[in-house]
Amino acid sequence: MRILAPIVALIIAVVIVGPQTFYTVDETQFVVITRFGEVQRVIQAPGLNVKAPFIDQVNVLDSRILRVDVPPSSMPDVENQFLDIDAYARYRIIDPRSFREVLLNEINAASRISNIVIAELRAEIGQRNRTEIIGGRLGASAAGTISVVEPILDANGTAAREAITRRVRDRSDALVQGQAFGVQILDVRIKRADFPAATEESVFARMRTEREVQAQRLRAEGEEEFLTITADVSRRVEVIAAEAEEASNRLRGEGEGEAIGILAEALERDPELFSFLRSLEAYKQFLQENTTLVLNANSDLFRFLQNPSGNTSLSAPEDAPLEP
């Protein structure tokens with residue numbers, strides 16, 4: 001029993017006093033040792049360390065890059081048009097002692113840094129117009145559609161939104177350095193820049209009106225082009241028809257002239273043959289079935305019926321009826 005009691009006492013002492021005496025530092029951490037709230041030392045090297053039990057406190061800080069989400073806020077631009085701005089900042093602890101003495105912990109640090117970034121964002125956005133804050137404007141693509149976002153650049157060729165966040169970052173970092181927060185602000189970014197819900201519907205209505213005006217203009221231009229093309233086609237059709245009619249009349253006149261010339265030449269060569277053929281055509285026209293004609297038998301029309309040679313010396317008595 002005498003041996004067991006010291007062993008139990010030693011185990012209890014190790015269990016209770018050990019965690020109060022030994023501590024480890026991770027490679028992603030800073031450790032600030034405080035005694036009654038006063039900073040005693042800062043441990044940055046990873047490994048196992050020793051502190052005074054019960055009176056020294058171990059305060060662990062993250063040595064990595066930390067992020068602060070800035071609460072969304074409505075901010076006016078240079079034209080006094082409000083935009084809902086949602087942003088975030090990234091910072092890193094560079095002086096754990098100052099950080100512990102001024103800010104105490106990361107929760108307080110996030111609140112203080114967020115307030116500084118919001119103030120600087122509000123000041124910077126108040127000097128910019130809406131397109132610069134949004135960072136781009138709609139432009140026409142090569143096909144003529146309005147679907148390409150053109151970035152807005154400042155005088156130095158930097159994107160407008162990037163220039164805004166860079167200035168906010170530099171001024172915010174200067175403020176936290178001046179107040180000895182022990183941190184460095186590495187980056188500030190705007191996640192979202194939207195119209196407030198109260199004005200969103202009016203903005204959409206104006207956009208719809210602009211699109212309707214553009215659509216009506218395009219329709220009017222298309223209708224005008226259609227009428228121009230239709231009128232040109234109608235004019236060309238009329239011109240082609242007139243030219244075709246002119247060519248037709250000219251060719252018809254040339255054909256009739258040539259036919260008359262051929263006919264005159266044939267008549268000149270053999271007038272009797274021509275007279276015979278013309279008489280046959282006449283017979284075909286008026287000598288039909290059951291046709292009775294009362295004519296002078298000496299008529300030139302029937303001289304080929306009386307004598308195929310056309311000689312009228314042998315003629316029939318006058319007024320003799322002829323029946324086919």
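What follows is a walk through this structure, from the whole chain down to single side chains.

This is a predicted model, in which local features need pLDDT of at least 70 and side-chain atom pairs count only at pLDDT 80 or more, while totals for chains, interfaces and linings use all residues. Residues are numbered from 1 along each chain as its sequence is written, and side-chain values use heavy atoms, with hydrogens and water left out.

Start with the whole chain. The protein chain has 8 helices and 10 strands. Both are DSSP runs, numbered from the N terminus: helices are H or I with at least four residues, strands are E with at least two. Of the 324 residues, 25% are buried. Buried means under 20% relative accessible area, exposed means over 50%, and partly exposed lies in between (1.4 Å probe, protein chains only). The chain exposes about 21600 Å², and carbon and sulfur atoms supply 56% of that area. Accessible areas come from the Shrake-Rupley method with a 1.4 Å probe; for residues, only the protein chains shown count as cover.

Now look at the strands. Strands of a sheet pair through backbone hydrogen bonds, either parallel or antiparallel. Here, two strands count as paired if DSSP finds at least two bridges between them. Strand β2 (residues 29-35) is joined to β3 by 5 bridges. Across this pair, R35 stands opposite E38.

Between β2 and β3 runs a loop, and F36 lies in it. F36 is exposed, with a relative accessible area of 73%. Together with I16, F54 and I55, F36 forms a nonpolar surface patch of about 460 Å² accessible area. Such a patch is made of residues with over 30% relative accessible area and no salt bridge; nonpolar side chains (Val, Leu, Ile, Met, Phe, Trp, Tyr) are joined within 5 Å, like charges within 9 Å.

Move on to β6 (residues 66-76) and β7 (residues 82-93). These strands run antiparallel, joined by 9 bridges. They form a hairpin with 5 residues between them, and N80 in the turn has a positive phi of about 60°. D69 stands opposite Y88 in β7. β7 also pairs with β10 (residues 183-194), in the antiparallel sense, over 10 bridges. There I93 faces V183 in β10.

Next comes helix α3 (residues 106-125), where S114 lies. S114 is buried at 6% relative accessible area. Leaving out residues up to four places away in sequence, S114 touches V68, V70 and P71. Contact means heavy atoms within 4.5 Å.

R171 is partly exposed at 28%, whereas E120 is buried at 14% and E124 is buried at 1%. A network of salt bridges links E120, E124, R128, R167 and R171.

Methods
A salt bridge is a side-chain nitrogen of Lys or Arg within 4 Å of a carboxyl oxygen of Asp or Glu.
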